[in-house]
Structure formats: C-alpha cells, structure tokens
Amino acid sequence: MFLSNRINPVRSFSTRLTLWYGMTFLVLLLASMLGVILAIGSILDARMEEELEEDIEELQELYREQGFGKVIEDLESEMKGNEPNSFFLRLFNDKGEMLLASDLESWSFLQPVNTLLDKQSDDEPLIEVVDHPALEHISLVVFGEIGPGIYLQLGETMEEKDEVMAVIQIASIIIFCVVIPLASCICWLMAKRASAGIKEVSSAAVDIKNGKLDRRAAVASSGDEIAELAETFNAMAERIRSLIAEMREMTDNIAHDLRSPLARIRAISEVTISNAGNIEDYRSAVTDTLEECDRLLQMINMTLDVAEAEAGVGNEHKESINISMLAEEACDLFAPLAEEKGIQLQVAINRDLVVFGNKHNLQRMLANLIDNALKYTPEGGLVSIDLNRQDDGIVIRVKDTGIGIPEADLPRVFERFYRCDHSRSQDGCGLGLSFSRAVARAHGGDITLQSVINKQTIFTVLLPTT
Amino acid sequence: MGASRAWLTEMKILVIEDDLVIADLIKKGLKEAGFIVDHADEGLTGISLALSGDYDLAIVDLMLPKLDGLSIIDLVRDKGINLPILILSAKRSVEERVSGLTHGGDDYLTKPFSFSELLARVKALLRRSSNVVEPTTMNYRDLTIDLLARTVSRGGKKVDLQPKEFMLLEYLLRNQGHVVSKTMIMERVWDYHFDPGTNVVEARISKLREKVDKGFDTPLIHTVRGLGYVLKQQD
C-alpha cells in the first residue's frame, strides 16, 4: 500500500494550492483592475467637465475684456479645429435668436434653444451628459451665459476617454490571459516542489513502516519548513531505530541471562537423575536448583524494579530521609565483603544531611554503587565513599581503584543489561547501574561517571535538596 | 517462643489457592508448624468457608476460578468478619499490592515465595490479631534473651551482642525451628527490601555463632544451604 496511491490527483496538495492561489489571484486582480478602470474613467470625466467649464469661463472673460467680436472669432477657430460629428456649439441671445452655430447635422436631437433658456436659472454653467444613439460616443454638453443676454451651448463627444479606456481594457485582457496562467504555473511548480519534500517524507515513512529502518528522507538544502520537517522526521526515525536496536540487544541479553540459570538447573537435574545414588546427591541437586531459581527470580524482579524506578513508581512514598545515615548503613553492610576481598573501605560522610526521597530506592542506589565498586576492584585496592553538601544538593562520590571502564563503554554503562564484560561471565545482571541512575533521576538528580582504565572509576551522585 | 507455641497449635488456617502444587507446599508446611489447615481450590468454596467464621486466618490467592481473590476479600469485609487475610499473588506491581491492601487484605506476598517467608508472615499476622501480650523474655533451651533490657545469656552466662547481632538473634529466636532466608533477615534486621549482594548476613551469623555457640556442646544456629538459617537444637 503506497501512500501516494491513495491521494486523488484532484485533491493533491499542489493542485489544490494552485487552484486556490489562481482563484484568489484572479479575484484580486479583477477587483483591482476594475478599481483602476473606474478611477481612470471618473478622472477623465472630471477633467473634461472642468475643461468645458473653463471654456465658458474663458469666453466670459474674453467677452468682458475684448468684446463680442473676439468671442465670435475664437469660436469660429474652435469650430474649424474640430470634427462636426464630435463637436458642436450654439451661440444665441436671450430671445432665442441664433448668433453662431456649428454644423449640427449629427446633433439634431438637441433641445430647441428656447427650452434651454427656460432652464437657465443662475450664472453657473450647466453640464449634462448626453447619451444618444445618433452619436458614436457619450458626450458632455455645457450651457452657460458668456455675456449679458448671450448664451453658449458647447458639446463634445468623449471619444478620447473611450479610446483610453479601450486601451486599458485591452491591456487588462492581455494581463489576464498572460499573468494568471503564468502565476498559476509558477505556483503549481512551487507547490510541486514543496510537496515533493512532503512526499519524500511520507514515502520514507512508508518504507520505515515496511521494515526498512535505515531509510531516511532526503533533506532539501533550502532550510525551509519542509527541510525542517524532513530533518525532524529523520531524527525521529533515528531515535526509533536506536531504541529498537537497544531493545533487541536488551532482549538478547535478558534471554542470555535467563538462559544461563535455566541451563544450569537443567544440567543439575539431568546429572542427578542419571547419576545420583544417595539422598545427599539429591539434596544437593535440589539446593542448587533452589539457588538458581532465586537468581532467576532476582533478575526478573530487578528488571521490573528498574522499569518501575524509571517510570517514577515510588515517588509517592517520599519522606525526609537522613541520607548520611543511609550511606553509613550501606557502608557497614559492605564492610565484611570489603574485608573478605582485601579492599580498604574508606568512608567520609558528612553527618545528618537530609533529602526528600524514597528510602528503599535510595538504599538500593547506594548499595548498588558500593557493590559495583567492590566488584571491579582487585585485592589491595581502595574504595572510598564520601557524602557532602554542595550548593543546593547532596553529592555522593563512590571512588574505586579498580579496573576502570573503557572509554567506548562509558556512555553505555547505565543501559539495562549492559556489561563491559562482554563475555557476561561476571556475576551480576547489569541492572544495578540502570536502577541507580533511574532512582537518582526520580529524585531530580543524576549520576555521572569518570573513569581511567586500570586506575580508577568515580561515580558521582547529585541529589537536589530543594 | 515455647509459651507462644500453645496459642499457635489450635489455630485454623484457610488456604484458598487453585495451584495444587503451591497449595500442597503451604498445607504441609503449616501442618508441620502445628496449624490446622483447610484448603479450597476455587473461589466459591473458598468464600463459603471464609464466611463460616471458623478460621483464625485466611491465605488467599488473587487469581482464582469462579470467584477471584479480591471479591472474596470484599465479601468477607462486607460481612464485617474480622479475619486476617494474607494475599498471595503472582503480580508484584506496586498498584496491585496497594489495591490488595486497600480491599482489606492484611499482608501481601508475591509468588514465588519461600515457605519460611510465608510462615513468618502468618505468625506475625496471628500475633497481631490475637492480642497476645508480648513476653518480655524469650528462651530456647539454655538460651534466654530479655527484650526490654536487651540482654542475652546462655547457660546462665551473659553474652555481649552488638545491636544488629541482637536483632538477628531475636529474629531467629522468634522463628525458632523454622528456616529464615537471607532475604528475610535483610528485610527485618537491616530494613533492606532487596538483596544488596553482600555477605553481611553470613558475617553477622558467624560472629553470632562465635558468641552464642562457641564453648557449648550443642550449637543452636545452623545454616541450611539454599534456604537460610535456623535456630534449633539438632537431635
């Protein structure tokens, strides 16, 4: 089942993104162009109205300053400079007698002069928009008094504006036809690129699901969110792989460690059943079996204890603990063992220091560390334990002059079932340090470790008191 | 604990356990220790016996056919019967233990267990429930210990013991004739609920032997290989 097969192409990320982007772009472009066209139209309208008004005002001025003759002259030259089907003028007096007029053939629909005179109310020029089928374009017509009893009506088609608008419209259409598909294409390509990263991650996920735990997503060099996604994904995949590897190793170790006592029990029983003659042989076999059973049981319990300590079980049973006393007791506990092994046990414990914690787990943490130190220190060696207050916490150091831990093993000694002794022949189950660290961490602290091979190892426990 | 032997012999214990091998071990051991034992191998028989009121203590497995252990405890407590109950279970999680005890169990023992551990717990529960006034002195043969003065004498001769040695001897004496395991000793004498992997018990036992047994014809402290230690006079 390949993930991408389930994605409908119409619903794919890049298609949908392109559609959305294209539509949005189209609507916005349409709206802004419409706005621009309307604005230009109204500017042109206003400009033309202004021009007509100015014409009237100029003629008024001309009449006042240079007389009627000059006005006629000016108007006549105006008539000559314009096409009669796009321009007209009518000059008449208050009795309705025509003084001057252009060719009105195309403007036959104009109202008679007398009707105009009735409308005239004040001195302001009157502007109206005329849209008549006889004309090719909408026109603007102005009517005003330019001198006492002398009126002028002047009209002009808005041909120029319409030409400008036509150009703008053509330009708009070209823009639409070119820009929208182009933008959509770019968007689609970009979306495709972006989703390629996502597709890569999801195909990597499918591969991992199918068991290729080493598969990683290719990370684009772009450094964007998609690259970040791929990187995060890879980090997660790596963590899963290492956890699985760790678990696999742990299971192997457990199986090995469980198998050894079982093998011994089996061997004891087999030998006894085929060879034993007297009751003492049987007694001894049963005793050995009991011991092996206890070892097995202890190992199983320890595994569960580590899991519980790591899960923070026991945190609910915390109380004020005299950690100094616990440490002293632990040292007393191991004194006979140290003596037997010919190891000097040196104790320097600052008295009556208190932490808030789980007594049994702390006891066990201390015992594990001392046990560990004694186990790996040869005869004549020295194990020293000191406990002191430091800043906001208690520092416990367990130092031995033992065999040390190879540098390669340092990061792994706290792992469950890990033993530097790879033959796993040493006594112990490799859980003590895991348990100790889990306890230290459950108390808000930690355990660190320094080691020089064949010289010494120092475990330092830090327990915060606040 | 010669005096307390009497109150233990007539006591009746009910064992509700479906694993017959385990049940046999418990039955035999308890009978040997002087108790009268009845056994039920499933929950319904178990509860009817438990409700009869004939018993001084019940040992109840949690996983049982027909009626589970927790329901048995609930029913017994609902009837207001004051029966000390020791829970047996293969589950060892803290939650399981807490749930068993909040249901009204008096103690909790995880399988697998050693019989000596079970016996010690049974005795402790009976001692607690029977309101027997603790004797202030205990003796076994020519060994006497005074719990108040914390002194020990054997054959009229005073024996000087360290506090831990005294606690160890007291514990052995309380369980006279029965083996106590190293784990049990670590728990009762040192309050260590795990095996720290030291030889401290062996070391203390050998010190104790030196002080208690040396110079006497009959040694009282014996090692039982694979199981632990016992205080008794070998015949």
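Helices (H or I, at least four residues) and strands (E, at least two) are DSSP runs, numbered from the N terminus.

The model is predicted: local features need pLDDT of at least 70 and side-chain atom pairs count only at pLDDT 80 or more, while totals for chains, interfaces and linings use all residues. Residues are numbered from 1 along each chain as its sequence is written, and chains are lettered from A and ligands numbered from 1 in the order in which they are written.

The crossing of helix 4 and helix 5 of chain A is left-handed, meaning that the near helix is turned anticlockwise from the far one by less than a right angle; clockwise would be right-handed. On the helix 4 side, the residues that meet helix 5 of chain A include A194(A), G197(A) and I198(A). Their partners in helix 5 of chain A include I226(A), L229(A) and F233(A). Contact here requires C-beta atoms, placed from the backbone, within 7 Å. By class, this helix contact has eleven nonpolar, one polar and one charged residues. Ala, Val, Leu, Ile, Met, Phe, Trp, Tyr, Cys and Pro count as nonpolar, Asp, Glu, Lys and Arg as charged, and the others, Gly among them, as polar.

Chain A also touches chain B, with 18 residues of chain A in contact with 17 residues of chain B. Helix 6 (279-310), helix 7 (323-341) and helix 8 (359-375) of chain A each supply at least two residues of the chain A side. The largest share, seven residues, comes from helix 6 of chain A. This side of chain A has nine nonpolar, four polar and five charged residues.

Within chain B, helix 7 (residues 163-174) and helix 9 (residues 200-212) pack at an angle of about 85 degrees, with their axes 10 Å apart. That makes helix 7 of chain B roughly perpendicular to helix 9 of chain B. K164(B), E165(B), L168(B) and L169(B) in helix 7 meet R204(B), K207(B), L208(B) and V212(B) in helix 9 of chain B. These residues divide into four nonpolar, no polar and four charged.

In helix 3 of chain B (residues 43-51), G43(B), G46(B), I47(B) and A50(B) are buried; a residue is buried if 20 or more other C-beta atoms, placed from the backbone, lie within 10 Å of its own, exposed if 12 or fewer, and partly exposed in between. Seen down the axis of helix 3 of chain B, its buried residues fall within an arc of 95 degrees, so they line one face of the helix. Their cover includes strand 1 (12-16) and helix 4 (69-78) of chain B.

Some backbone details of chain B remain. A cis peptide bond, with omega about -10 degrees, joins K111(B) and P112(B). K66(B), although not a glycine, has a positive phi of about 75 degrees. With 13 C-beta neighbours inside 10 Å, K66(B) counts as partly exposed.

Conventions:
Two residues are in contact if their C-beta atoms, placed from the backbone, lie within 7 Å. Axes are lines fitted to C-alpha atoms, for helices over the stretch in contact, and angles run from 0 to 180 degrees between N-to-C directions. Angles under 35 degrees count as roughly parallel, over 145 as roughly antiparallel, 65 to 115 as roughly perpendicular and the rest as oblique. The arc is that of the directions from the helix axis to the C-beta atoms.
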